[in-house]
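Work through the exercises below with the model open beside you. Try each task before reading its solution.

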Amino acid sequence: MSDAQCACGSIRLVMREPAKLVAACHCFACQRRTGSSFSVNAFYAIDTVEISGTVTEFVRIAESGRKVRMYFCPTCGSTVYWKADAAPAMLGVAVGALADPDFPAPTLSVFERYKHHWVVLPQDVEGFEENLAKE
């Protein structure tokens, strides 16, 4: 299994099982969170992840109207993981926090209506204009 951590190493996550889903997201919230044109996210059953370190929580309202709780390091500012009210049994982890070039590629891509025109994903990645509502 892969372990995740923030840039300074103060927050650490140990995953005891493989990710249930790996997805790219092009929504503006993820673009702003990552400082990039999209995010790549791994989702784990919440009871299979051990979290250590002190985090700061930021709560935002998703396009669905539900809350997303994002957890970042108060020292280095890295957003490492989040919990969404829409999927309370899952924990989202930033794939970049895993720092593993062999980590599995995304199998789906959401909020493609916000995707930058130059972003090209492999053909086998299933794309959705919104959040899992097929175009």
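Contact here means heavy atoms within 4.5 Å. This is a predicted model, in which local features need pLDDT of at least 70, side-chain atom pairs count only at pLDDT 80 or more, and totals for chains, interfaces and linings use all residues. Residues are numbered from 1 along each chain as its sequence is written, and side-chain values use heavy atoms, with hydrogens and water left out.

**Exercise 1. How many disulfides does the model have?**

Step 1. Set the rule. A disulfide is a pair of cysteine sulfur atoms within 2.5 Å.

Step 2. Count. The rule gives zero disulfides.

Step 3. Buried means under 20% relative accessible area, exposed over 50%, and partly exposed in between (1.4 Å probe, protein chains only). Cys-8 is partly exposed at 38%. Cys-76 is partly exposed too, at 32%.

**Exercise 2. Ala-99 and Phe-111 each have a positive phi. Is Ala-99 buried or exposed? Is Phe-111 buried or exposed?**

Step 1. Recall the background. Most residues other than glycine have a negative phi.

Step 2. Take Ala-99. Its phi is about 45 degrees, although it is not a glycine. Ala-99 lies in the loop between β9 (90–94) and β10 (108–110). With a relative accessible area of 64%, Ala-99 is exposed.

Step 3. Take Phe-111. This residue is not a glycine either, yet its phi is about 55 degrees. Its loop runs between β10 and β11 (126–127). Phe-111 is buried, at 11% relative accessibility.

**Exercise 3. Describe the largest pocket: what is its volume, and which elements line it?**

Step 1. Define the search. On a 1 Å grid over the protein atoms alone, a pocket is an open set of points where a 1.4 Å probe fits, with protein on both sides within 12 Å along at least five of seven lines; lining residues have an atom within 4 Å of a point. Grid points are joined across faces, edges and corners, and a volume is the space filled by probe spheres set on the points.

Step 2. Read the volume. The largest pocket has about 740 Å³.

Step 3. Read the lining. It has 33 residues, and Phe-43, Val-68, Ala-84, Phe-111 and Asn-131 lie nearest the pocket centre. Two or more lining residues come from each of β3 (21–25), α1 (28–34), β4 (39–45), β6 (56–61), β7 (67–72), β8 (79–84), β9 and β10. The largest share, four residues, belongs to α1.

Step 4. Sort by class. Ala, Val, Leu, Ile, Met, Phe, Trp, Tyr, Cys and Pro count as nonpolar, Asp, Glu, Lys and Arg as charged, and the others, Gly among them, as polar. The lining of the largest pocket has 22 nonpolar, four polar and seven charged residues.

**Exercise 4. Which side chain makes a polar contact with that of Ser-39?**

Step 1. Define it. A polar contact is a pair of N or O atoms within 3.5 Å; within protein, one must be able to donate a hydrogen and the other to accept it, and residues adjacent in sequence count only if both atoms are side-chain atoms.

Step 2. Locate Ser-39. It belongs to strand β4 and is buried, at 2% relative accessible area.

Step 3. Name the partner. The Ser-39 side chain pairs with that of Asn-41 at 3.0 Å.

Step 4. Look further along the chain. Beyond four places in sequence, Ser-39 touches residues including Ala-23, Cys-30 and Arg-33.
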